[in-house]
Amino acid sequence: EVYFKNLSKQKQKEVMEKNGSNHKLRVCVATCNRADYSKLAPIMFGIKAEPQFFELDVVVLGSHLIDDYGNTYRMIEQDDFDIHTRLHTIVRGEDEAAMVESVGLALVKLPDVLNRLKPDIMIVHGDRFDALALATSAALMNIRILHIEGGEVSGTIDDSIRHAITKLAHYHVCCTRSAEQHLIAMCEDHDRILLAGCPSYDKLLSAKNKDYMSIIRVWLGEDVKTRDYIVALQHPVTTDIKHSIKMFELTLDALISFNKRTLVLFPNVDAGDKEMVRVMRKKGIEHHPNFRAVKHVPFDQFIQLVAHAGCMIGNSSCGVREVGAFGTPVINLGTRQTGRETGENVLHVRDADTQDKILHALQLQFGKQYPCSKIYGDGNAVPRILKFLKSIDLKEPLQKKFCFPPVKDNISQDIDHILETQSALAVDLGGTNLRVAIVSMKGEIVKKYTQLNPKTYEDRLELILKMCVEAASEAVNVNCRILGVGISTGGRVNPREGIVLHSTKLIQEWSSVDLRTPISDALHLPVWVDNDGNCAALAERKFGHGKGVENFVTLITGTGIGGGIVHQHELIHGSSYCAAELGHIVVSLDGPECLCGSQGCIEAYASGIALQREAKKLHDEDLLLVEGMSVKKEEAVSAAHLIQAAKLGNAKADSILRTAGTALGLGVVNILHTMNPSLVILSGVLASHYVNAVKDVINRQALTSVKTVDVVVSNLADPALLGAASLVLDYTTRRIY
């Protein structure tokens, strides 16, 4: 870490010396509409805050300057940026030809502006036709281009424009790992790609406006409550204008029928936008009591509106990108965002060809709350981008280099700001200790924190949040990007809702506890929760003996006896989340009493608590200690003393251990006859003491067809933390539509 920090400082120093010690990088930021300004503004604020390194010129064009779209250049002025040039580049029209003519008009006007400004680098965002004109002008005038959000995949003509700008751009800032891989596959120079995240997330994840109710009332009315309104934002699809207008009409009909207060934003400047506005007016949306139709909402306020909405509907990229940061339900209509990575909050309705389909989607999604997703950013994009800009050497050749196939799967980068490891925050709630760790994708525990587990619910939750926040902050320093939080806890857990239903007696005040919501809200991260036995099985599946095995069982032998069952590569939870309570398989009708209240359970024979109980009995009868052993007065007798006594020749201690091993073996035989796994993994501190006894019982008691099962001892040092991490690394919210 220190090496890479020093390397970065040395490189910046060398760049400054090459560029001239007093030379400031002259950056031109060109913004075309309200959407791209929300992504560019955080970068502009960052550039403005470092005048010793940068000079900022702002060029405004496109729909910013059109009254029908809210004259949104005013919000740039309100943010205290000096607008160097205003270019009227939109040709009014309602078909594809108007878009082409607008590009042509921009190409005519831009050369004069760029000749006067003479920027060192131009920052261009996204996939709009205006941005294509900007990139074309800059490339032909030998001006370096930094493209934001390249490499992504969506629907319509936007894909073609985005990839065309990628080929013109010299440097690339992308938001997701998939986008980075797409850029590499498109033969872009690996050293000129920065995986930074979306700049708008820097603002989203720091949004702490407590007075959001006043914003909701301004835009939706005095009587509206949080989670009880809808935000609708739908644009024309330029490759199928007629169908997209019909879909918009069906959407409005469904919203009218759904009868909830709705904020409808006007569409982008695209072919077909005027017809969509006519549909709104034809249906009386602007005068309907349930609707508020607006041309523009300032981004700061828009954040609060979508964060507290009951649902967002439409086909805007904002729905599949930014809204996931709040866990707000989204209904994505049509094909405009096909291919985008989305969180689990997004419900896709590709063929939105009937009002009933859209209405049904509203009924499914409205009012739900999903885990917060940070697929598109972690709130630290701008510092990475500024660092990237400072590393640009203006004396390097301007001509682009392309890296043609073959491209290696794992490309090692030389720039330290790219060397971030995808990781998880793992939390292990034990009977004694509370542990939090940063775990990498390869199963390496990068950093671990341990505290005593508090006795009360309030203190415990407060400590979990404190330790997670501390670990998440430290992750930046150790070049780890946290994808989510995984929690391993004792007891019965509903993993779908993230709720601990019933706890073990070892953890007090820990029943009917919602862990997902408070932790997700505090960290803006998705959260998964499962019980410790299931987590141990997941750890084996990802990092241990169970990797690649279709059917296996993990048994934890520790303070209690637990486990997890993997069948056809999937973890089994059961109808009431009570599957794999392997410690409570009954192996004797009149055996010792178990903590669960039953008799003869495996746990009553073979757990650490059971062995400690038997050790105390022997000690009280002066039958435990043999030559070479001693127990101090203040020292509690434990299972370890029983094991030590057996090793030193204590026949009674050895008999107790053999009985415990036999009980565990009988339980394993029952599992073999029920699930027929190909592998049994013994995990925990007692596993090595039981493995031979279990194998012996299988050979004596099991059916011939299951005797070939492999029984092994886990080689994982910390299955609880690794299992909690695998909840995140395996069940991450990313998915491709």
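Which residue in E18 is the bridge partner of Leu425?

## A pair of parallel strands

The bridge partner of Leu425 in E18 is Val485. Strand E15 (residues 421-429) and strand E18 (residues 480-489) run parallel and are joined by 8 bridges; strands (E, at least two residues) and helices (H or I, at least four) are DSSP runs numbered from the N terminus.

## Basis of the model

This is a predicted model, in which local features need pLDDT of at least 70 and side-chain atom pairs count only at pLDDT 80 or more, while totals for chains, interfaces and linings use all residues. Residues are numbered from 1 along each chain as its sequence is written, and side-chain values use heavy atoms, with hydrogens and water left out.

## The sheet and its helix

Strands E15 and E18 belong to an open sheet of 5 strands with mixed pairing, in the order E17-E16-E15-E18-E22, where two strands pair if DSSP finds at least two bridges between them. Its edge strands, each pairing on one side only, are E17 (445-452) and E22 (527-531).

Helix H17 (residues 516-523) packs on this sheet and touches E15, E18 and E22, a contact being heavy atoms within 4.5 Å.

## The whole chain

The protein chain has 24 helices and 28 strands, and its C-alpha trace spans about 100 × 65 × 50 Å along the principal axes. Of its 737 residues, 57% count as buried, that is, under 20% relative accessible area with a 1.4 Å probe, protein chains only.

Among contacts between residues at least 6 apart in sequence, 69% join residues at least 24 apart.

How values were computed. Buried means under 20% relative accessible area, exposed over 50%, partly exposed in between (1.4 Å probe, protein chains only). Axes are lines fitted to C-alpha atoms, for helices over the stretch in contact, and angles run from 0 to 180 degrees between N-to-C directions.
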